Structures are given as C-alpha cells and as structure tokens.
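Try each task before you read the solution.

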Amino acid sequence: MTYLRRNWIGLLAILVSTVVFLVPFAFIVLTALKDKRQSSLREFSLPNGFHLWDNLVEVIQTRNYMVLTAFVNSAILTVASVTLLVIFAAMVGFVLQRKPSAWTGLVNFLVLAGLIIPPAVVPTIWVLQGLGLFKTLHGLIFIEVAYGLSFCVLLFKAFVVTIPRELDEAAIIDGASPLRLFFEIVLPLLRPVVITVILVQSVAIFNDFTNPLYYLPGTKNVTVQLTLYNFQSQYNTSYNLLFTNILLITIPPLIVFLFFNRQIVAGMTAGAVKG
Amino acid sequence: MSEATVAAPRAKRRANSAYPSWFYLPAALVYAALFLFPTVASLFFSLTRWTLFDATFIGFDNFAQFFREPFLVKGLINTLIYAVMTSGLKVVLGFLLAVLLTSQIMARGYLRSVLFFPVLVSTVGVGITFTVMMHPTTGVINETLGLFGIKGPGWLTDPNLALFSVALVDVWKGVGLATVIYIAGIVSIPQEYYEASLIDGASAWDNFWNITLPLAKPATVTVIILSLIGGLRSFDLIWAMTKGGPGFTSDVIASVIYKQYQAGFYGLSTAGNVVLFIMVAIIIIPLSGFLNRQGDGQ
C-alpha cells in the first residue's frame with residue numbers, strides 16, 4: 001500500500017502514456033492483422049484470425065508492385081540526399097568555423113534564412129523545369145539537399161569548434177592538400193555529428209510528404225509517403241490494407257528508433273541548451 | 001629581416017589556403033539555384049498572373065485577394081490559431097512532462113520512449129490513423145467516450161472543431177520533441193542550485209517555480225521558436241486529415257498554396273508563399289530577438 005501511495009504518479013504516468021501514445025499504434029497493428037470485413041468496423045478489438053500475411057501480399061501487389069518501387073525510390077532518395085548533405089554541409093561548416101572572411105557574415109545569414117523562410121513552391125517548380133529536373137528523382141534529391149543544408153551546417157559548425165586547430169596545422173606542415181586535410185583528418189573526427197546528421201535527416205527525408213507531392217508528381221516515381229496518400233482513396237473500404245501499408249512504412253523509423261534512440265535524441269536537441 | 005617579413009604573410013596565407021572558400025561552392029550552388037533564387041523570384045511572380053510560360057504584371061491584386069476573399073482570410077487566421085495553439089500546448093506539456101521525466105519516477109526510459117517515438121513516424125500515417133479513430137460515430141475515440149455515456153463530437157466533421165482536432169494530433173506527434181529539448185535543458189541546470197535551496201528549506205514547488213522554470217529558459221525559447229515555425233508552415237498533417245475541410249474551415253496558408261497551385265493559379269499560390277514568408281518573418285524575428293534579449297538580462 002505504501003508502495004502504491006509513493007508511486008502513484010509513476011503508475012498514473014505509465015497508464016496515461018500507454019493509453020495516449022501506444023493505443024494508436026496498437027490500433028494500426030490490430031487493423032493490419034484483420035481481414036477486410038472486420039477491419040471495416042474500425043473497432044479497437046482483437047482480430048478474429050491472422051491475416052497480416054495476406055494483407056501484406058495484397059498491398060505489395062497493388063498497382064503493379066507500386067509499394068516496392070516506392071521503397072526503392074525512397075531508399076535512393078534518402079541515401080543520396082543524406083550523403084550529399086553530409087559532405088556539402090560539413091565542408092561549409094568547416095570553412096565557416098575555421099576561416100573568418102568576407103563571406104562569413106553572408107553565409108551565416110543565409111543559413112538562418114534557410115531555417116526560417118518557407119520554400120516558394122511554384123517558382124521552384126519553374127526553376128526545376130528550366131533545369132530539366134522537374135518530376136525526376138535527382139531533382140528531388142537536390143531539393144532535399146537545398147532544404148536540409150541550413151540545419152546540417154549549424155550542427156557541423158558547432159562541432160568543428162571542438163576539433164583542435166593544431167591538428168590542421170600539423171597536417172598542413174606535412175603538406176596535406178585542403179581536400180586531404182578535410183576528408184582524411186577532419187571528416188573522420190566529425191564522426192559523432194555525421195552520425196547525428198545521417199539519422200535525423202534520414203528520418204526527415206524518408207518521412208517527407210510535401211516535397212515529393214510538389215516536385216515528384218505522377219505514379220512513375222512515387223515515394224513511400226505518396227503511396228500511402230494515393231492508397232487512402234483506393235483503400236477507402238479496405239482498412240486492413242491501408243493500415244498494413246502504414247505499418248510497412250513505420251518499420252524503417254522504428255528500426256532507427258530501436259538502435260539509435262540516444263543519438264537521434266541528441267541530434268534533435270542539439271543547440272537547445274546553448275540557445 | 002626582409003625574409004622574415006615576407007615569410008610571415010606567406011605562412012598565414014598558406015594556413016588560410018587550407019580552408020579554401022570554394023568549399024562553400026557545392027552547397028552554395030544547390031542552395032542558390034533551388035532555394036535562394038526561387039525565393040527571390042517569388043517576390044516578382046507574386047505580383048503577376050502566371051501560367052509558368054508567361055507572366056502578366058498585375059501589381060498587388062493577388063495580395064489584395066488574400067485579404068478580401070473570405071476563404072483566404074480564414075486561412076490566414078487559421079494559420080495563426082494553429083501555430084499559437086500547437087506551440088503553446090507543446091511548451092506547457094513538454095515542460096511538465098520533462099519535469100516529470102527528470103524526477104525520481106519509475107519506468108523513465110519507457111515513458112521517454114513512448115513519448116518520443118511518434119516524432120519519428122510518418123505524419124501522413126499518423127494523420128490517416130487518427131482520421132479513422134476520430135470518426136464521429138464508429139471511431140475508436142467516440143466509441144470509448146460512449147462507454148462512459150459521453151456523446152463525442154464530430155472531431156473532424158464539425159466546422160468549429162476540425163482545426164483544433166488536427167492541432168491536437170499535431171501536439172500528440174510533436175510533444176515528444178519538446179519534451180526531450182526540455183529534458184536536455186533541465187539536466188544542464190547545475191545541481192548546486194537545488195542543493196542550496198534544500199539547505200534553505202525550499203519546497204519542491206519553490207524549486208520548480210524559482211529554479212527549474214527560469215533556468216530552462218533557453219529550452220523554452222527553442223521550443224517556442226521551433227514549434228511556431230513548424231506550426232505556421234504546417235501542411236502535411238492538415239492535408240492528410242481534413243484537406244482543409246469541412247468547406248475551408250481548417251484551411252491554413254500552406255494548404256491554400258497547394259490548392260491554388262492545383263487549380264492553376266500560380267501567381268496567387270506564389271503570393272500565398274510570400275504572405276507566409278512575411279508572416280513567419282514578422283513573428284519569428286522580433287520574437288526570437290525579444291526572447292534572447294530577455295535571457296541575456298538575467
């Protein structure tokens with residue numbers, strides 16, 4: 001009894017958080033397990049049989065294996081844009097922190113502008129069309145890079161401070177070129193922040209819905225978030241399939257969460273304490 | 001002597017050339033072409049009637065429309081309501097949850113995890129899930145309320161409620177981020193303050209009010225700014241849940257931009273972008289200046 005009295009806040013917190021935060025996920029899983037008829041009731045109840053496999057097969061076969069194409073597209077998009085982001089942003093963060101020059105003020109201003117200004121959609125489409133990049137996957141890759149740069153530059157700049165300049169100087173005296181200095185000495189030392197950037201940006205880009213919607217319309221190049229959106233009307237009555245699809249696209253973030261929870265929280269709270 | 005004076009600048013130049021300015025170039029190209037240039041161009045195209053092929057200059061007509069057409073005005077007001085509401089709730093709930101989760105409570109790891117996981121999940125997936133759960137008659141939420149004899153409202157079908165329902169889901173998804181930011185802020189408060197206040201015989205309430213709250217200020221500033229920017233620009237959750245409906249009662253600027261784009265009113269859509277930009281700027285820049293200045297004063 002004393003145990004209960006002492007810990008009632010904890011027990012209450014566990015109860016409330018389970019109801020509020022886990023029930024929606026349980027609802028997704030349960031609905032994905034049901035057959036079409038039972039799922040159409042939209043109830044929070046145990047499935048009357050295990051239909052996940054059938055649902056999975058059906059979702060994957062829908063519209064000529066669109067989900068598989070979408071996963072491949074999303075994988076390419078995520079890997080390519082995150083790779084470019086890491087390299088480009090690390091280069092900027094490095095020089096920005098190391099060498100004050102006439103550019104420094106402008107670059108700092110542009111970094112902040114990139115964080116605040118909402119992208120101008122139609123003019124961007126117009127530019128993409130001019131460059132022949134509209135409705136192409138590599139066009140979207142560059143879009144993700146452009147929109148993600150600011151956040152990454154800030155992280156890299158803050159972390160480069162902690163790498164002693166003496167290392168640069170030693171490398172320079174040994175005759176290392178700027179590129180070798182950066183890629184062979186500085187970038188490996190930036191490992192923790194590189195991992196952070198990879199995790200945070202991967203999740204953000206994989207989950208991105210708005211930019212593919214605008215810049216990659218059409219069914220040829222869909223990304224996973226768009227399949228969900230497209231299926232929303234198609235699966236109007238088949239909630240089992242809709243939620244199987246939701247379950248499917250929740251798995252990659254879940255894996256990131258299970259293995260890298262600590263790093264991703266660190267990345268997202270970076271700078272919060274310093275203000 | 002002369003050799004030394006020549007050598008010094010050369011060494012400096014050599015040290016500086018280890019950080020060549022062309023390192024900015026790859027990032028600058030992408031940023032300039034796909035972000036900066038379209039942003040500058042939007043200032044011009046917002047003043048035109050535009051078909052992507054040719055633009056007719058019409059002055060401030062597009063902007064006038066934004067403040068005249070009822071459904072566009074509604075979008076402006078909704079954007080403000082949505083941003084202030086989500087931001088406010090995230091600050092209050094995030095702070096309280098962070099205080100709870102930094103105290104000696106059981107199952108802290110579990111609580112932090114369930115709170116944070118929704119941050120990483122697809123917004124569209126969350127939106128669809130809640131849309132189904134919020135169904136007025138057969139949705140899980142109203143059926144549960146029904147068990148207690150409460151007749152649940154039409155969360156997404158009631159024109160007066162739809163925007164608030166979406167905002168609540170936004171808070172559900174985003175409060176975990178606010179909480180971990182606050183946790184980082186609270187953990188960084190030096191323990192000596194609490195030890196000193198213990199000696200002075202302060203209560204837990206005193207600690208909360210006079211130590212934790214003021215010293216978590218940097219975290220508060222971050223949460224307010226981040227969630228306001230996010231809230232003002234919010235699109236995907238609203239689009240996944242209501243598409244701005246019923247009618248246009250839950251439209252925000254971002255959804256208006258998309259609708260006008262779909263309808264082929266590119267000039268008007270771009271004017272929406274500029275309006276959103278101005279709105280974000282006149283709210284965020286003075287606010288962050290004000291909040292950060294206050295912080296320095298302490």
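## Exercises on the two chains

**Exercise 1. Work out what chain B is built from and how spread out it is.**

Start with the elements: chain B has 14 helices and two strands, where helices are DSSP runs of H or I with at least four residues and strands are E runs with at least two, numbered from the N terminus. Next, take the radius of gyration, computed over C-alpha atoms and compared with a globule rule of 2.2 Å times the number of residues to the power 0.38. For 298 residues that rule gives 19 Å, whereas chain B comes to 25 Å, well over it, so chain B is more spread out than a compact globule. The C-alpha trace spans about 95 × 75 × 30 Å along its principal axes.

Before going on, a word on the ground rules. This is a predicted model, so local features need pLDDT of at least 70 and side-chain atom pairs count only at pLDDT 80 or more, while totals for chains, interfaces and linings use all residues. Residues are numbered from 1 along each chain as its sequence is written, and chains are lettered from A and ligands numbered from 1 in the order in which they are written.

**Exercise 2. Do the bookkeeping for chain A.**

Count first: chain A has 13 helices and zero strands. The C-alpha box is roughly 70 × 65 × 35 Å along the principal axes. As for burial, 47% of the 275 residues count as buried.

Now zoom in on one residue. A:Ala158 sits in helix H7 (residues 137-160) of chain A, and with 15 other C-beta atoms within 10 Å it is partly exposed. A:Phe27 is 131 residues away from A:Ala158 in sequence and 41 Å away in space, C-alpha to C-alpha.

**Exercise 3. Describe the side of chain B that touches chain A.**

Begin with the totals: 77 residues of chain B are in contact with 73 residues of chain A, contact being C-beta atoms, placed from the backbone, within 7 Å. The elements giving two or more residues to this side of chain B include helix H1 (2-16), helix H5 (108-120) and helix H14 (266-297). H2(B) supplies the largest share, 13 residues. Then sort by class: 53 are nonpolar, 21 polar and three charged. Here Ala, Val, Leu, Ile, Met, Phe, Trp, Tyr, Cys and Pro count as nonpolar, Asp, Glu, Lys and Arg as charged, and the others, Gly among them, as polar.

**Exercise 4. How do H8(B) and H11(B) pack?**

Get the geometry: their axes are 8 Å apart and the angle is about 155°, with axes fitted to C-alpha atoms over the stretch in contact and angles running from 0 to 180 degrees between N-to-C directions. That makes H8(B) roughly antiparallel to H11(B), the label for angles over 145 degrees. Then look at who meets: residues in the contact include B:Gly174 and B:Ala178 of H8(B) and B:Pro218 and B:Thr222 of H11(B). By class, there are seven nonpolar, four polar and no charged residues.

Key: Two residues are in contact if their C-beta atoms, placed from the backbone, lie within 7 Å. A residue is buried if 20 or more other C-beta atoms lie within 10 Å of its own, exposed if 12 or fewer, and partly exposed in between; C-beta atoms are placed from the backbone. Angles under 35 degrees count as roughly parallel, over 145 as roughly antiparallel, 65 to 115 as roughly perpendicular and the rest as oblique.
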